[in-house]
Amino acid sequence: MSVINAIRTATSQVLRELYNLETEKKDIPVSVTKPEFEGDYTIVLFGWVKQLKQSPDTIGQAIGNRLVELRPDLVSGYNIIKGFLNLSVSEAYWTKFLDATYTAGDFGQLPASGQTVVVEYSSPNTNKPLHLGHLRNNFLGWSVAEILKANGHKVIKTSIVNDRGIHICKSMLAWQRFANGATPASTNTKGDHFVGDYYVKFENALKEETGPVLDKILAGDISGLGEMDREKATVLLKKLEDGSLADDKKKEILDELKEMARNNTPIMQEVRAMLRKWEEGNPETMELWKQMNGWVYDGFEVTYSRIGSDFDKTYYESGTYLLGKQFVEEGLAKGVFFRKPDGSVWIDLTAEGLDEKLVLRKDGTSVYITQDLGLAKLKYDDYGMNQSIYVIGDEQNYHMKVLKLIAEKLGLPHAEGIYHLSYGMVELPHGRMKSREGTVVDADDLVEELVNEVKRITEEKLTETGKLGDYSTEELTALYDTLGLGALKFFLLRVDPKKKMVFNPEESIDIHGFTGPFIQYTHARIKSILRKEQPTGQGESKGLLPAEKNLLVELEQFPTIVEQAGNEMNPSVIANYVFQLAKTFNSFYTEHSIANAESAEKKELRLRLATLVAHVIKRGMQLMGIRVPERM
């Protein structure tokens with residue numbers, strides 16, 4: 001039981017004794033005492049003033065006195081400041097906690113909850129390699145899954161691969177046009193990078209064809225456009241003739257005409273024809289699709305292995321995109337959906353503050369929301385989960401609201417458990433990334449650059465200290481990889497997922513900053529101490545100094561931090577906690593020697609402290625997928 005729960009339990013008993021007041025323990029407001037006040041934990045008293053018809057100070061005095069009498073092993077004293085009861089936790093509680101916990105390998109693991117959770121993340125397209133944005137998605141999804149496991153849940157990690165559609169056909173068509181039979185093997189190129197290069201080639205070719213088509217449209221020649229586009233272009237061109245048109249409106253019209261030109265280029269017509277062949281099951285098209293996706297999957301596997309991302313189940317859009325149509329007739333029968341005169345099927349969500357949403361096209365083909373309903377049901381059939389978490393960027397907030405609303409209106413059994421873990425975009429110091437221009441930062445390249453930079457810095461320091469020869473080549477390779485990936489993961493996870501962030505590679509590897517390497521170094525420092533001497537396990541801890549107590553207070557909070565991170569689905573809670581713990585240990589170690597402690601008892605106590613700090617740092621970093629070295 002955590003100290004906060006112990007205080008809540010004791011306070012609940014005191015309220016019953018003193019006031020015959022039954023209070024749920026979870027409703028008793030307990031928090032860490034603010035640094036400017038004396039005490040360890042604070043109970044807010046205002047909630048009982050009206051009910052008990054007494055002043056906050058009177059209530060606090062009565063509760064404080066009784067807690068000291070009832071639980072002297074827990075509460076050694078108290079003070080009251082303006083409606084806040086600040087409790088001092090007894091030294092006996094802290095030392096008993098240390099003696100019972102420093103060898104406990106499962107410290108931080110919460111009991112089994114009986115809940116099953118599916119976490120879906122990564123979800124790449126097979127027309128390009130994983131990039132920096134995918135890294136935040138993968139690290140976030142993987143870490144949340146591990147944190148939920150630590151909260152006692154059964155967790156299944158899944159991914160949905162977007163392996164069909166117009167974007168896939170773009171890479172396929174470009175390969176047919178420009179590859180001359182080249183393969184990843186013949187060019188010594190990683191498969192996903194190879195296919196991604198052809199996606200960029202397609203976009204470059206499309207850009208070249210767009211210019212002449214746009215020029216013809218602007219010159220008034222719209223004969224090459226489809227019927228609907230011709231009508232629209234006529235209206236837009238007439239608007240452009242208005243000499244008083246504001247520049248921003250003129251730009252909007254030109255952008256619209258440019259997009260129209262893009263969609264009417266010969267290469268776009270060709271790629272749409274390829275998509276139709278795929279949908280018809282054309283053997284030649286299907287064979288090329290399988291071959292190029294196979295190259296991409298081989299590349300993905302290398303990246304996933306390198307970054308430590310894994311899945312229990314992978315779904316493929318090509319196998320799920322027809323799912324969900326059965327819900328359309330069901331929804332029509334229930335009055336959830338309605339059919340328009342052209343035959344398309346919609347849902348009206350205006351009462352929920354949204355709008356009308358298409359669920360089935362007039363030609364009978366499904367849209368993404370329908371497919372996602374089918375996949376959601378498939379996942380429920382597979383796992384019967386209590387909660388289904390979708391790790392998807394915040395640009396899909398609207399889509400996920402609609403998915404949950406439709407599932408609820410249809411009465412699907414998994415509807416209540418749908419949860420969108422929305423996260424912000426990752427930008428670089430120089431701005432956003434763009435797939436079409438090939439300016440996306442590939443995950444593989446970024447990892448390699450960070451590892452190489454860590455290698456350069458570490459080798460310089462080891463050479464300066466004369467310790468480079470203390471490591472084998474294999475040990476150094478593993479160390480560079482551990483530090484480089486640790487820097488990347490920590491930097492991307494230390495920010496609340498809801499916030500957009502700027503990734504700064506140089507800042508991420510600063511060993512003196514709010515970084516993974518700083519924490520990794522602290523762990524290695526502790527392990528160096530423990531290699532020289534281990535706690536004996538003899539005797540009881542006692543006589544805490546302030547710096548020792550500060551460490552114990554932070555260490556005791558670890559299970560509560562794990563629980564909070566799970567409830568919030570927020571690995572940054574763990575990141576901030578572990579960083580603060582590392583700082584607290586370094587401050588403690590600067591102030592107090594372990595090897596040359598004042599007495600044998602003090603050395604034993606500090607060795608136990610160091611042992612527990614090392615465990616908590618390692619476990620906390622593991623929950624973010626970060627390894628910690630034994631030495632640096």
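Let's start with Gln520, which counts as buried, at 0% relative accessibility. Keep in mind that this is a predicted model. Gln520 sits in helix 20. So what does Gln520 touch, if we skip residues up to four places away in sequence? One part of the list is Thr482, Leu483 and Gly486.

Next, Val117. You will find Val117 in strand 5, residues 116-120. Buried or exposed, by relative accessible area? Val117 is buried, with a value of 2%. For a sense of scale, take Ser159. Ser159 is 42 residues from Val117 along the chain, and their C-alpha atoms are 14 Å apart.

Now move to the loop between strand 5 and helix 5, with helix 5 spanning 132-150. Ser122 is in that loop. Ser122 is not a glycine, yet its phi is positive, at about 80 degrees. Ser122 counts as buried, at 3% relative accessibility. Ser123 is in the loop between strand 5 and helix 5 too. Ser123 also has a positive phi without being a glycine, here about 45 degrees. With a relative accessible area of 21%, Ser123 is partly exposed. The cut-off for buried is under 20%.

On to helix packing. Look at helix 8, residues 191-218, and helix 11, residues 266-280. They pack at an angle of about 135 degrees, and their axes are 8 Å apart. What do we call that arrangement of helix 8 and helix 11? Oblique. Angles over 145 degrees would count as roughly antiparallel, and 65 to 115 as roughly perpendicular. From helix 8, the contact uses Phe202, Ala205, Leu206 and Glu209. From helix 11 come Pro266, Ile267, Met268 and Val271. By class, that contact has seven nonpolar residues, one charged and no polar.

Now the rings. How many aromatic pairs does a search of the whole structure find? The count is 20. One of them is Phe46 with Phe84, an edge-to-face pair. Their centres are 5.6 Å apart, with 85 degrees between the planes. Phe46 is in the loop between strand 2 and helix 2, while Phe84 is in strand 4. These are distant parts of the chain, 38 residues apart. Phe46 is partly exposed at 43% relative accessible area. Phe84 is partly exposed as well, at 34%.

Here is another pair: Phe490 and Phe514. The ring centres are 5.5 Å apart and the planes are at 80 degrees, so this pair is edge-to-face. Phe490 lies in helix 18, and Phe514 lies in the loop between helix 19 and helix 20, so the pair ties together parts 24 residues apart in sequence. Phe490 is buried, at 0% relative accessible area. Phe514 counts as partly exposed, at 25%.

Ring pairs link Phe97, Phe107, Phe558 and Tyr577.

Last topic: charges over rings. Lys340 lies over the face of Trp346, 3.9 Å from the ring centre. Arg631 has its charged end over the ring of Tyr471, 4.0 Å from the centre.

That's my tour. Thanks, everyone.

Terms used: Residues are numbered from 1 along each chain as its sequence is written. This is a predicted model: local features need pLDDT of at least 70, side-chain atom pairs count only at pLDDT 80 or more; totals for chains, interfaces and linings use all residues. Side-chain values use heavy atoms; hydrogens and water are left out. Axes are lines fitted to C-alpha atoms, for helices over the stretch in contact, and angles run from 0 to 180 degrees between N-to-C directions. Helices (H or I, at least four residues) and strands (E, at least two) are DSSP runs, numbered from the N terminus. Angles under 35 degrees count as roughly parallel, over 145 as roughly antiparallel, 65 to 115 as roughly perpendicular and the rest as oblique. Contact means heavy atoms within 4.5 Å. Ala, Val, Leu, Ile, Met, Phe, Trp, Tyr, Cys and Pro count as nonpolar, Asp, Glu, Lys and Arg as charged, and the others, Gly among them, as polar. Rings of Phe, Tyr and Trp (its six-membered ring) pair if their centres lie within 6.5 Å; planes under 30 degrees apart count as stacked, over 60 as edge-to-face and the rest as tilted. Buried means under 20% relative accessible area, exposed over 50%, partly exposed in between (1.4 Å probe, protein chains only). A charge sits over a ring if NZ of Lys or CZ of Arg is within 6 Å of the ring centre and within 35 degrees of the ring normal.
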